Every structure is written in C-alpha cells, then in structure tokens.
Amino acid sequence: MARDPRYDILFEPVRIGPVTARNRFYQVPHCNGMGYRDPSAMAAMRGVKAEGGWAVVCTEQCEIHPSSEITPFVELRLWDERDIPLLARMADAVHAHGALAGMELAYNGPSGSNLASREVPLGPSHLPVATFAYDPVQVRAMDKADIADLRRWHRTAALRSKTAGFDIVYVYAGHGLSVFEFFLSRRHNSRSDEYGGSLENRVRLLREVVEDTREAVGDTCAVAVRLTADELIGAAGLHRAEVHDMIGLMAELPDLWDLVLAGWDNDSRTSRFAEEGAQEPFVTGVKQLTTKPVVGVGRFTSPDAMVAQVKRGILDLIGAARPSIADPFLPKKIEEGRLDDIRECIGCNICVSGDMTMSPIRCTQNPTMGEEWRRGWHPERIRPKGSDAKVLVVGAGPTGLECAVALGQRGYQVALAEAAREPGGRVASECRLPGLAAWGRVRDYRVAQLRKLPNVEVYYDSELSAGQILEFGFEHVVIATGATWRRDGVARTRLEPIPVDGGMAVMTPDDLMDGRLPAGERIVLYDDEHYYMGGVLAELLVQGGRSVTLVTPAADVSNWTHNTLEQKQIQTRLLDLGVDIRPHRSVSAIAAGAVETVCVFTGRREETPCDGVVLVTARLPEDGLYLELKAREETWAAAGIRSVRVLGDAGAPGTIAMAVYAGHRYAEELDGPDIGDAVPFRRELTELAPL
Ligand code: ADP
Ligand code: SF4
C-alpha cells in the first residue's frame, strides 16, 4: 500500500547542522535498564528502531565521568576510551539501517549520589543530592577549577562519541537530571559569581559547554541541547517564559533544540494523566525563537496529530520514546499506509519500570521489546511454523489474544475460544475504569491482526469444558483463562483470611468492574496490592458518590507506581478528590458496621465505621480447566493431545505486560528445540581483567 499523501510532510528530510535526518521521526533519548550491563541487547533494540524507519535513534543518558554516576540505575558510560567499542556497537546497528545515531552525554551532578564511585557529587551550590531516594549525600559547590574540569570532561566525551560513530551529540539539561539545569535553576543555584544570579550568568555554563562541544565535534556532528521547558511548579521553578528567555540567549548556538518537561514524571506522564500531545503548550513558541529544528514529545501515535504539530509550526521533528518502544516500525507503517498495523502505546509506563527496577526494558504492547538480541525476537517477523500441529487457545484476554496472533503469524492453524461475547478479558473490563481507556488498545491491536489471519478462527460465547477440549483433538492446548480477585483479604500483609461479619458488604475489583458499587455511602477500600487498581477504584467510588477511606500497609497509595512515575500524580488526585488516605495500616477484621485496622509498626488497633468494604488484595488463577485436563492426562494421547500449557494470569496472575509476554513466548517457542536446563536467553558476561 502507498502512504496517504496527507502524511508526505512527515517524510521530508530535515537538516540538523552538518547531518540530515531522512524524515521527521526522531527517537529521543530514552532509558532502558540495559545500558552498560547489556550493551549488545541495547544495540540490537536501537537497531530495530532504525530498521523500522526512525530517522534518528538516540542512546539513553551516558555518564561522561565517574565523578557523576547514577548507581543503582543502569545507563551508559563513557568514562574512558575503553567504553567506546560498546557504544560503537549501537551506532553501527543504527547506521546499518540508514538512521542517524544520537548520543546523550550526561553529567548528573546533584541528581546522582555516586554510590559506586564514592566521589563527592558536584553542583552549583551546597545542597543535598536531588535523587529518587533520600540518600544521605550532599553536593559540593563547584569552584572555577571544577568548572574547568567539567568542561574538559564533556569535551573529551564529545570527541569519544564522534570516534564511536555518533552523528548527533547532546548537551543534556533536562528532566531535573543534569548539572547544567541545576545551574539554570534559581532554586538550586545560589552562587554569587558569574555562574549565578542573573539569567545570563545561570545560562553561562550551558552556553560554554555547547560552544566547547561545537568546537570539538561540530564540523561533522550535530550538537543538540535537551532542555527542560517547564518544571510545572510555577514561578519558583524553571518555567516556560524564563526558559524561552534562556533559549533566546543562545538560540542559534546548537543545531537542534529538544524540549522536555521536568521531572521525568512530568515528561513521561501516563495516559491516565495526559493525552497525546499534552506537551504542546510548553513547546509552542520555541520555533519562533530559533531557526534551528525543534523536537518534542507527546506520546504521538497518530499521524494526523504528528502532521498537525509540523503544519502548525510547533515541532520540526516528531520526538518519541514510548511510541517507538511499543512500535519500532511506526514510521514504516505510516509510510506504507498500514495504519491499522500500528501497535499503539497504551501509556502505562511499564517500559519505565524496567529502568526504575534496574532490569531490562519491557513493553505491554510489544512483547519483543528488550528481547531482540537475547532471544532473537523481532517486532514484525516471526519464524514460520515448525509443524502442521493445530493449536487451541482458550481465553481471549491479553495472553490468549497475543498467543493466537503470534501463532497465526507463524502459520499454525489456531482456534481461539472465549467464554465472553467480546474479546479482551481483563483489559475489556479495566479499560472502562477511570483513566484506563487506552488499555483497550492491547485488545484492539490484536483483534485487528486476527482479522488478517484466515488460519485463526475465533469463537466467542464459547465457554469450554475439559470434556469438549478432549473431544476436539487439537495437538496443543493453551489455557489462558485468567484470574479473579480474592474475596478473603489474603495478600502480602495477611496470609490468612480476614474475619468478616456477614452483615457487611465486601466487594472485589471484579464486582466493581461488573458495574456493581457497594450500596452504602462510606466505603473502606483496602489496598494490599499496591499497583494501580486500588487508586483507580477509589476514583470510581468517588465518581459514584461514595466517600472513601483508603487503607494501605504501604507508606503511600499505589506504591508500586513509583516505578511507573505515577505515584505522586495518583496520590495528588485522590487527595484532591477528598479520599481519606490511611497509610501504614492493614485490615485485621471486618465487623457489621466498621472495619478494624492495625498499625503495621505498633500493632495498635482502630475502628473505622463504614457501610461497605472493597478488598484490592491479590488474585487467584482461574485454573480449574487446566487442573481438570491435567487430572485426565492419561486420556490425552487417545484424544490426539500432545501438550497442555497454562499461561498468563491463569498460571500466576501478573501485569498485562506479563500476560502478553507469556502468550508471545509460547508462540515463539512452539516446536522449538528442547534446551533442557540451559539458560533460555543470551547474556553478556563481564570480561575478567588481568590480575
Ligand atoms: P490473561 O491476562 O491471562 O489474558 P484474562 O483474565 O484477561 O487473562 O483473560 C482470560 C479470558 O479467558 C477471559 O476473557 C475469560 O472470559 C476467558 N475464559 C475463562 N474460562 C474460559 C473457558 N473455560 N472457556 C473459554 N474462555 C474462558
Ligand atoms: Fe507504551 Fe506501556 Fe509500552 Fe511503555 S510499556 S511503550 S507506556 S505500551
């Protein structure tokens, strides 16, 4: 198919200083939890994006010197010459597919505690470090010699980036993560020398480093500045008007302006808190300050929204991190007029959770993300089937849908049976909850793919029994029947059921998702699960006119969402909605008109009067069908069954990302070699230095 001429503008080349981007699709720097520990995996992941049509593919942040490192996070390092080959591997992978490679040099200063190098962090002023943790570490205010050192380190790193083959070298001053930004910030910079005080003075260091970089590598490499457009804390922080003045002072100095919001949680807001294109108000007007190209992000997945950004003079280059993770082939699909093949990002930030937990990146929508090198998976290609076996997949939730699609793409004859009248399983229910509409894309993308696969037959309204499955005669059976929320309160904090008085209405998330709300007005919601569900249901209950007390043993609501950068926004929203948050307490008993809670530290008990209780605790697998089939294993051979596998939530309830991954992995590995006890993926081993 040819591309729609409306999108031609997205495929115009853009000159960036001495280099030219082949189109306007720009993968901005993004973390991935692989970095220096998994460099080949990182390089392969970036290479796949170049293959998918992105014109520019950037690194994550790359530490330039051991005096500023961000242990425990795993990013890139360019501490000395020996790091060059590792980075060159990525540049080569990107060049192999005709894209430009961008290097984000980073000197974190106050945003790193140097836990590994044990160097004293440097910054504009004597202040505690500004990291995700309350590390008991302070920053030393830089003197002139430190500034000279930093300029030299940055210049050396720029030269090494060029040696490694990079085409664009960044000076990073974004996300509240860079020393240059701390110099820009009135809050953090209390200096009285020529690097503090007036706007000109606060911009001085950034300006000098951009000049140094240009002078060092600017003949062949473009120099980009990544700058915070707004910190979203009003006049006290960096804000649009002040930042525009800063850009005005050095408008033509870099070859490219890359605008972000600070902190990272504001920049990478989830779909629950920001729509596509939400950053536009902060970037609007930058193009009027400079003739140099401007890139910005906005979780852009729709080509019409992208075109509008260019036509309306907001952006020259469509920046993307998450849309390029969910679909590395987004540009190619637009170019080839295959819009319904786009695997749209759902804005869940599971990708971010990889970096935040120091584990390799993963993605809810794209199960191959992070597995390109270590498992050899590809987002658009899958090897042909290994036999003519027929496969029955039971359950069309995220696990079953992905499994059926990937098996179908391999060429297997597949039947997908679903008890409900609609596909989607848990995502069909969850996408109706407040703020989670985009979750539905997990289903929509896969249902669209199934329509293209004549070898996959889908049967709705088909609740299968073990007897039926044994009669059908499929060689392989996948049980992806999901899970249900527990009603007994057993979870992390309590391992035995909560005593419940029959006079109190106790509900689970499944009840609420089925459209039933507790009858009374005062509701206690007990969250011992700690991901999004408790917070989302508190919102739903408030929308339904209930007054909500949220009890949690954790220090804050939806505690795990620190890893998806949402926690602050969730807690703020719940407080704004009037939800009464009771942290550090677990529910010990449910009486007729009250809930008894207990302090997790002191054991002190307290009664909270209420009319209803919602337990968001843990889930139990719906594995009855699997267990019944297992119990009849001796009949499988006669029925022609070679294997029965339980996958996804029906095996062990987890995230949607885990479910999609489980379904995909099964499909990738069917009829594969038996590897016994071998490690099931490639890994990079540290090379021992001579003693
Ligand atoms: P997962 O996240 O692992 O995909 P879900 O709970 O989202 O799990 O989806 C499981 C799906 O399986 C649901 O749509 C449910 O209706 C369906 N299902 C459960 N039991 C059966 C069955 N016996 N036959 C067919 N479908 C079933
Ligand atoms: Fe988008 Fe979620 Fe994938 Fe991240 S993990 S790219 S937010 S779908």
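**Close-up 1. Strands β8 and β9 are joined by two bridges and run antiparallel.** Strand β9 spans residues 138-141, where strands are DSSP runs of E of at least two residues, helices are runs of H or I of at least four residues, and both are numbered from the N terminus. Two strands are said to pair if DSSP finds at least two bridges between them. Within this pair, Pro-128 stands opposite Gln-138 in β9. The model is predicted, so that local features need pLDDT of at least 70 and side-chain atom pairs count only at pLDDT 80 or more, whereas totals for chains, interfaces and linings use all residues. Residues are numbered from 1 along each chain as its sequence is written, chains are lettered from A and ligands numbered from 1 in the order in which they are written, and side-chain values use heavy atoms, with hydrogens and water left out.

**Close-up 2. An open sheet is formed by three strands in the order β7-β9-β8.** The pairing in this sheet is mixed. Strands β7 (122-123) and β8 (127-128) are the edge strands, each of which pairs on one side only.

**Close-up 3. Ligand 1 is surrounded by 22 residues.** A residue is counted here if one of its heavy atoms lies within 4 Å of the ligand, and the closest are Thr-399, Glu-418, Ala-419, Arg-426 and Asp-649. The shell divides into 10 nonpolar, eight polar and four charged residues, with Ala, Val, Leu, Ile, Met, Phe, Trp, Tyr, Cys and Pro counted as nonpolar, Asp, Glu, Lys and Arg as charged, and the others, Gly among them, as polar.

**Close-up 4. Polar atoms of Ala-419 and Asp-649 approach ligand 1.** A nitrogen atom of ligand 1 is 3.0 Å from a polar backbone atom of Ala-419, and an oxygen atom of ligand 1 is 3.4 Å from a polar backbone atom of Ala-480. A polar side-chain atom of Asp-649 lies 2.5 Å from an oxygen atom of the ligand. Taken alone, ligand 1 exposes 580 Å², of which the protein buries 87%, the areas coming from the Shrake-Rupley method with a 1.4 Å probe.

**Close-up 5. Residues from α10 and α12 contribute to the shell around ligand 2.** Helices α10 (322-326) and α12 (350-356) each supply at least two residues of this shell, and α10 gives the most, with three residues. Among the residues around ligand 2 are Arg-322, Cys-345, Cys-348, Cys-351 and Cys-363. The shell divides into eight nonpolar residues, three polar and one charged.

Definitions and conventions. A polar contact is a pair of N or O atoms within 3.5 Å; within protein, one must be able to donate a hydrogen and the other to accept it, and residues adjacent in sequence count only if both atoms are side-chain atoms.
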